[in-house]
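Student: I have a structure to go through with you. Let us take the labels one by one and test each against its cut-off.

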Amino acid sequence: YGFVVPDNGMPDVLLHVSCLRRDGFQTAYEGARIVCEVLDRPRGLQAFRGLSMDESGAVHPAQAAPART
């Protein structure tokens, strides 16, 4: 799982890998732009359906800077 930061300033949205895979996506790398339908659950916002993904600005983990320790 991971979190999506909405463009409109709303709270972060939980995105579970099962949602991605059900809708035909394998993974969402940092920087990918995702359009999804969201549900307001008791513990916060959660992506329900992935509609599209633009990975042109995404950074593959192999290209990312090393983690700071």
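Tutor: Start with accessibility: buried means under 20% relative accessible area, exposed means over 50%, and partly exposed is in between. Keep in mind that this is a predicted model.

Student: Why is Tyr-1 called exposed?

Tutor: Its relative accessibility is 71%. The cut-off for exposed is over 50%, so Tyr-1 counts as exposed.

Student: What makes Phe-3 exposed?

Tutor: Its relative accessible area is 54%. That is over 50%, so Phe-3 is exposed as well.

Student: What makes the contact between Arg-33 and Asp-7 a salt bridge?

Tutor: The N to O distance is 2.6 Å. The limit is 4 Å, so the pair qualifies. Arg-33 lies in strand β3, and Asp-7 is in the loop between β1 and β2. The bridge therefore ties together parts that are 26 residues apart in sequence. Arg-33 is partly exposed at 48%, while Asp-7 is exposed at 65%.

Student: How do you know that Asp-23 and Arg-22 also meet in a salt bridge?

Tutor: Their N to O distance is 3.7 Å. That is within 4 Å, so the label holds. Asp-23 is partly exposed at 23%. Arg-22 counts as exposed at 51%.

Student: What makes the charged end of Arg-22 sit over the ring of Phe-48?

Tutor: The distance to the ring centre is 5.7 Å. CZ of Arg must be within 6 Å of the centre and within 35 degrees of the ring normal. The distance passes, and the charged end is listed as sitting over the ring.

Student: Why is the link between Arg-49 and Glu-37 called a salt bridge?

Tutor: The closest N and O atoms are 3.0 Å apart, and the limit is 4 Å. Arg-49 lies in strand β4 and Glu-37 in strand β3, so the bridge ties together parts that are 12 residues apart in sequence. Arg-49 is partly exposed at 34%. Glu-37 is partly exposed at 33%. The structure holds 3 salt bridges.

Student: What makes the contact between Ser-18 and His-16 polar?

Tutor: Their side chains come to 2.9 Å. The cut-off is 3.5 Å between N or O atoms. Ser-18 lies in helix α1, residues 17–22. At 43%, Ser-18 is partly exposed.

Student: Which residues make up the largest nonpolar core?

Tutor: This core has 11 residues, among them Val-4, Leu-20, Phe-25 and Ala-58. β2, α1 and β4 each supply at least two of its residues. β4 gives the most, with 3. In soluble globular proteins, nonpolar side chains tend to be buried together.

Student: Which residues does Ala-58 touch, leaving aside those up to four places away in sequence?

Tutor: Ala-58 touches Tyr-29, Glu-30, Gly-31 and Ala-32. Ser-18 and Ala-58 are 20 Å apart, C-alpha to C-alpha, and 40 residues apart in sequence.

Methods:
Residues numbered from 1 in each chain as written. Predicted model: local features only at pLDDT ≥ 70, side-chain atom pairs only at ≥ 80, totals over all residues. Heavy atoms only, no water. Buried < 20%, exposed > 50% of the residue type's maximum accessible area, 1.4 Å probe, protein only. Helix = DSSP H or I, 4+ residues; strand = E, 2+ residues; numbered from the N terminus. Polar contact = N/O pair within 3.5 Å; in protein donor to acceptor, adjacent residues only side chain to side chain. Salt bridge = Lys/Arg side-chain N within 4 Å of Asp/Glu carboxyl O. Core = buried A, V, L, I, M, F, W, Y, C linked by side-chain atoms within 4.5 Å. Contact = heavy atoms within 4.5 Å.
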